[in-house]
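Thanks for making the time this morning. I would like to walk you through one model slowly, so please keep the picture in view while I talk.

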Amino acid sequence: IWICFYLFSIAATNGKLFNWSSLGFVLLCLLFQGSGAFTENLTQKKYPKYKQYMKQVPLYVPTPTSLFLLVNDKGKTTKKNI
């Protein structure tokens, strides 16, 4: 939502890229990234198999390789049956 708000603020300020809403956009993105990494670290410590899960599933946005590849227990990748 903040990214869209920032893009609208660029239009409202006649194309000025650095305006008052850019600070909120940057800080909220940093907060989101930091909290995601913190949560992943805590979960990895609590559940030993979570590290294997992290190899198969991206943190936020699926990548093309994560959609079609599966990492087995030995760290080798195989194609998923879709």
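The expected span of a helix is 1.5 Å times one less than its number of residues, so the 27 residues of H2 should span 39 Å, and the 40 Å between its end C-alpha atoms agrees with that.

Residues are numbered from 1 along each chain as its sequence is written, and side-chain values use heavy atoms, with hydrogens and water left out.

As for confidence, pLDDT is the predictor's confidence in each residue, from 0 to 100; its mean over the protein chain is 81, and 79% of the residues reach 70 or more. Where pLDDT is low, the predicted coordinates should not be read in detail.

Stepping back, the protein chain has four helices and two strands, which follow the pattern α-α-α-α-β-β along the sequence. Of its 82 residues, 17% count as buried, meaning under 20% relative accessible area, with exposed being over 50% and partly exposed in between (1.4 Å probe, protein chains only).

Which residues of H2 are buried? They are Ser-21, Ser-22, Gly-24, Gly-36, Glu-40 and Thr-43, and what covers them includes helix H1 (2-12) and helix H3 (50-56).

From H3, look at Tyr-50, which counts as buried because its relative accessibility is 17%. Leaving aside residues up to four places away in sequence, Tyr-50 touches Glu-40, Thr-43 and Gln-44, where contact means heavy atoms within 4.5 Å. Tyr-50 and Glu-40 are 10 residues apart along the chain, and their C-alpha atoms are separated by 8.7 Å.

By contrast, let us turn to Leu-28, which is also found in a helix, namely H2. Is Leu-28 buried or partly exposed? Leu-28 counts as partly exposed, because its relative accessibility is 34%.

Notes
Predicted model: local features only at pLDDT ≥ 70, side-chain atom pairs only at ≥ 80, totals over all residues.
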